[in-house]
Amino acid sequence: MAIKNKLKIAVGSLKIGSFAKKLIQKTLHNNRLTYGDITIEFENKFAREHGCRYGLFTVSGTSALQIALHAMKGLHAWKNGDEVLVPSVTFIATSNVVIQNGLKPVFVDVDPRTYLMSPENIKSHITSRTRAIMPVHLFGRPAEMKKITALARRYKLKVIVDSCETMGVEYLDKPLGQWGDIVCFSTYAAHLLITGVGGLAITNNSVYATKMRSLMNHGRDTIYYNIDQDDHVFSRKKMYKLVDRRFSFIDVGYSYRLTELEAALGLEGLRDLSANVAARQKNYRLFLEALAPYARDLQLPILQKGEVCACMMFPIVIRPESNIQRAELIAFLETHGIETRYAMPLLSQPIYQKLFPGYEKRYPVARWMDKNGFYIGCHQYLSEKDVRYVVTVFKKFFGHKTLFS
Ligand SMILES: Cc1ncc(COP(=O)(O)O)c(C=O)c1O
């Protein structure tokens with residue numbers, strides 16, 4: 001076995017281009033870091049490109065989800081212990097924010113072919129205390145929003161979408177922001193658009209947007225969230241009102257703001273998003289074709305005709321009938337410089353085993369993925385040569401021939 005010395009094929013990567021560097025220089029030159037033109041432009045452009053009127057740039061995807069749920073809970077008078085449906089396979093932040101808001105996450109097993117919340121499993125989990133569904137667009141792939149939003153309408157539930165792993169694509173010819181009441185994204189490292197840390201909540205509902213804007217600003221009176229607002233008030237009466245209310249807090253909020261520097265990175269990321277997604281889709285397709293000879297052992301992504309995936313990563317799950325050991329395959333890949341991650345195990349996490357004892361066994365698909373799933377990168381900086389290298393390593397592991405041989 002080769003000895004791992006330098007990681008060659010990471011799950012994600014970042015290159016900061018000249019556009020962002022110039023914008024950052026300009027920002028530094030202007031001595032303006034807090035919420036200003038660049039953040040406003042990024043929020044507006046990101047929201048518009050995803051089909052929404054309002055966008056809020058927050059410190060993380062988690063904080064975007066946090067304020068989305070908090071706003072919903074307050075505005076719709078949800079009670080502590082009310083229930084929110086979340087998938088059984090996702091990054092832990094999805095269900096953590098439900099718990100942190102005093103609500104109860106109710107897990108819905110995912111579909112074994114898509115790895116996304118199964119609409120067929122949703123109905124049996126709805127009770128008189130269910131208030132919302134939180135589908136997750138996992139691994140770059142939009143959840144089955146047509147069926148999910150129909151169920152939400154039927155049972156009068158809100159839909160908050162965790163789209164932290166998906167952006168820049170449409171679902172059934174409609175932008176992602178139009179599928180759900182609030183849709184949240186992450187711009188953390190290795191994501192589709194990277195600002196270091198960061199996230200966005202987008203919505204078409206002005207009441208939700210105003211509430212979230214306040215919550216991310218310590219719960220401040222929404223009359224004031226930007227120092228530029230002082231500049232345009234010329235009447236004494238209006239100025240007095242502003243001065244009186246600008247240090248007024250109407251909610252127990254958070255400090256979830258970022259700076260103009262992250263927004264500058266965001267604007268560049270947004271400019272490059274569709275090209276980057278296209279490059280990822282190409283790598284994804286190459287993996288699908290070249291790893292097909294191992295499909296007897298490995299379940300590769302199964303996309304429906306016309307389904308568009310943002311290809312955040314390339315998930316693989318070892319089939320139940322295979323005698324391949326995940327630990328052996330992963331160790332082989334890693335020692336050949338190919339980074340892997342488990343496929344979002346959730347219910348087996350030590351903290352969730354404590355909070356939800358025995359749940360692991362109740363969700364067979366999540367359990368199968370937990371024991372057998374992992375993903376590799378398919379990001380835009382991987383060349384065709386890199387993809388061939390990855391396939392060659394699989395080939396070596398299986399001792400077979402592939403399309404590239
Ligand atoms: C599905 C999902 N939800 C939420 C998050 C949290 O995003 P952040 O790390 O920006 O808080 C992530 C991050 O990777 C994620 O993958």
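What follows is a talk through the labels, each set against its rule.

Colleague: What kind of model is this, and how are its residues numbered?
Modeller: It is a predicted model: local features need pLDDT of at least 70, side-chain atom pairs count only at pLDDT 80 or more, and totals for chains, interfaces and linings use all residues. Residues are numbered from 1 along each chain as its sequence is written.

Colleague: What makes the chain agree with a compact globule?
Modeller: The rule is 2.2 Å times the number of residues to the power 0.38, with the radius of gyration taken over C-alpha atoms. For 405 residues that gives a value near 22 Å, and the chain has 22 Å, so the two agree. The C-alpha trace spans about 80 × 55 × 40 Å along its principal axes.

Colleague: How many helices and strands are there?
Modeller: The chain has 14 helices and 13 strands. Both are DSSP runs, numbered from the N terminus: helices are H or I with at least four residues, strands are E with at least two.

Colleague: Where do the domain bounds come from?
Modeller: They come from an automatic or database domain assignment. That assignment gives domain 1 (18-265) and domain 2 (273-398). Their centres, taken over C-alpha atoms, are 28 Å apart.

Colleague: Why is Phe-139 called buried?
Modeller: A residue is buried if 20 or more other C-beta atoms lie within 10 Å of its own, exposed if 12 or fewer, and partly exposed in between; the C-beta atoms are placed from the backbone. Phe-139 has 23 such neighbours, so it counts as buried. Phe-139 lies in the loop between β4 (130-133) and α6 (145-155). Its phi is positive, about 60°, although it is not a glycine.

Colleague: And Asp-173: buried or exposed?
Modeller: Exposed, because Asp-173 has 7 C-beta neighbours inside 10 Å. Asp-173 sits in the loop between β6 (170-171) and β7 (174-175). Its phi is also positive, near 65°, in a residue other than glycine.

Colleague: What about Ala-331?
Modeller: Ala-331 has 14 other C-beta atoms within 10 Å, so it is partly exposed. Ala-331 lies in helix α10. Over the chain, buried residues make up 45% of the 405 residues.

Colleague: What makes β10 and β12 edge strands?
Modeller: Four strands form an open, antiparallel sheet in the order β10-β11-β13-β12. β10 (298-299) and β12 (341-342) each have a single partner strand, so one side of each is left without a neighbour in the sheet.

Colleague: How do you know that β10 pairs with β11?
Modeller: Two strands pair if DSSP finds at least two bridges between them. Two bridges join β10 to β11 (residues 314-318), and they run antiparallel. Leu-298 has Ile-318 in β11 as its bridge partner. β11 also pairs with β13 (residues 373-376), antiparallel, over four bridges. There, Val-317 is partnered by Gly-373 in β13.

Colleague: What makes both faces of β11 covered?
Modeller: Phe-314, Ile-316 and Ile-318 on one side and Pro-315 and Val-317 on the other are all buried.

Colleague: Which residues of α13 are buried, and what covers them?
Modeller: In α13 (residues 364-372), Ala-366, Met-369, Asp-370 and Asn-372 are buried. The cover includes β11, α10 (326-335) and β13.

Key:
Two residues are in contact if their C-beta atoms, placed from the backbone, lie within 7 Å.
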